[in-house]
Amino acid sequence: MDLEFLELTDRRARFIISGTAPAFVNSIRRSMMADVRAMSIDDVNFYNNTSVLFDEMLALRLGLIPLTGGKHYLSPSECSCNGEGCFQCQVSMTLNVQGPATVYSRDLASADAEVVPADGNIPIIKLFEGQQLLLEAIARKGSAKNHAKFQSAIATSYKYLPKFSVQECNGCKECVEACPKGIIRYENGSVHIADELECTLCNLCVEACDTHAISVIGDPQRFAFYTESDGSMSCIDLLTISVESLMNRASELATYLKAFG
């Protein structure tokens, strides 16, 4: 299997995977979305809320704010406190704002300097004169298997890269005109795809060719993979953790099979 990165930043990654099967690529996608654990606000204790939103609505908004850090924290099911809550499995964050003001994610004061909002400019609510919001938010670690608010990977997808072939091109250039992406070029007496990443496998070029000289199919061994992070962790961490999760589960399955073999 080969891996070629086209773009790699903390928030976004694009790469080409070749020499593998669709099932494996889809396993990486599913693992990135469901297996990677992250911190998120799980409980909110309201002490004063005179804003225009109910407590439940504000708790939902707070839970959707991505939080950084938290690698050394345990999930509640793993902690020795048995879900009671302690310094090993939860972080306290306080919020105290009086109106008139717009409350942003940066107004959350965390007990752990590493566990903070990934973006401080996320608006939570607008308070008017005389209104106050006083609360304590409890952040815990979890995965998207339990709730979508723990999902760090967003816009994660993959697609087949095209396998383009031409036989006895007559140079009519109808396929060039038919391509909605404008990526087919006619050069040196034949046509080719200039940018295979832009190809959507729509097959309009195939339909436009009267001589049936063009064939475009999805390559079952080459894929373009796209993913974005919500900011709670970098894309390289997302990839590393998801692949490690797949390897661990494959190892466990092999152990079970040997035990019954």
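Modeller: Happy to. Let's begin with exposure: a residue is buried under 20% relative accessible area, exposed over 50%, and partly exposed in between. Keep in mind that this is a predicted model.

Colleague: Then is I236 buried, exposed or partly exposed?

Modeller: I236 has a relative accessible area of 38%, so it lands in the partly exposed class. You'll find I236 in helix 5. For a sense of scale, I236 and S251 are 15 residues apart in sequence, and their C-alpha atoms are 22 Å apart.

Colleague: What about S31, buried or exposed?

Modeller: S31 counts as buried because its relative accessibility is 1%. S31 belongs to helix 1. Leaving out residues up to four places away in sequence, S31 touches V36, S242, S245, L246 and R249.

Colleague: Several of those look like helix 5. How do I read the packing of the two helices?

Modeller: Take the angle and the distance between the axes together. Helix 1 (residues 22-34) packs with helix 5 (residues 235-260) at an angle of about 110°, and the axes are 9 Å apart. Angles of 65 to 115 degrees count as roughly perpendicular, and helix 1 and helix 5 are therefore roughly perpendicular to each other.

Colleague: Which hand does the crossing of helix 1 and helix 5 have?

Modeller: The crossing of helix 1 and helix 5 is right-handed.

Colleague: And which residues in helix 1 and helix 5 meet?

Modeller: Helix 1 brings S27, I28, S31 and M32, while helix 5 brings L238, L239, S242, S245, L246 and R249. Sorted by class, this contact of helix 1 with helix 5 has five nonpolar residues, four polar and one charged.

Colleague: Next, the nonpolar core. Which residues in the largest one touch the most other members?

Modeller: The general idea is that a core is a set of buried nonpolar residues joined through side-chain atoms. Here the largest nonpolar core has 23 residues, and I41, L62, L67, M93 and I125 touch the most other members. The elements that give two or more residues to this core are strand 3 (38-49), helix 2 (55-63), strand 4 (90-98), strand 7 (123-127) and strand 8 (132-142). There's also a second, separate core of 16 residues, which includes I17, M32, A38 and L239.

Colleague: Take I41, then. What is I41 in contact with?

Modeller: Setting aside neighbours within four places in sequence, I41 is in contact with L62, G63, L67, M93, L108, A137, I138, A139 and K149.

Colleague: Last topic: the backbone. Which peptide bond is cis?

Modeller: For that, look at omega. The bond from G99 to P100 is cis, with omega near 5°. P100 lies in the loop between strand 4 and strand 5 (101-104).

Colleague: And where do I see positive phi in a residue other than glycine?

Modeller: N203 is one case, with phi near 65°. N203 lies in the loop between strand 11 (190-193) and helix 4 (204-208), and at 25% relative accessibility it counts as partly exposed. H212 has a positive phi of about 55° as well, although it is not a glycine. H212 lies in the loop between helix 4 and strand 12, and counts as exposed at 68% relative accessibility.

Definitions and conventions
Residues are numbered from 1 along each chain as its sequence is written. This is a predicted model: local features need pLDDT of at least 70, side-chain atom pairs count only at pLDDT 80 or more; totals for chains, interfaces and linings use all residues. Side-chain values use heavy atoms; hydrogens and water are left out. Axes are lines fitted to C-alpha atoms, for helices over the stretch in contact, and angles run from 0 to 180 degrees between N-to-C directions. Helices (H or I, at least four residues) and strands (E, at least two) are DSSP runs, numbered from the N terminus. Angles under 35 degrees count as roughly parallel, over 145 as roughly antiparallel, 65 to 115 as roughly perpendicular and the rest as oblique. A crossing is left-handed if the near helix is turned anticlockwise from the far one by less than a right angle, and right-handed if clockwise. Contact means heavy atoms within 4.5 Å. Ala, Val, Leu, Ile, Met, Phe, Trp, Tyr, Cys and Pro count as nonpolar, Asp, Glu, Lys and Arg as charged, and the others, Gly among them, as polar. A nonpolar core is a set of buried Ala, Val, Leu, Ile, Met, Phe, Trp, Tyr and Cys residues joined through side-chain atoms within 4.5 Å. Buried means under 20% relative accessible area, exposed over 50%, partly exposed in between (1.4 Å probe, protein chains only).
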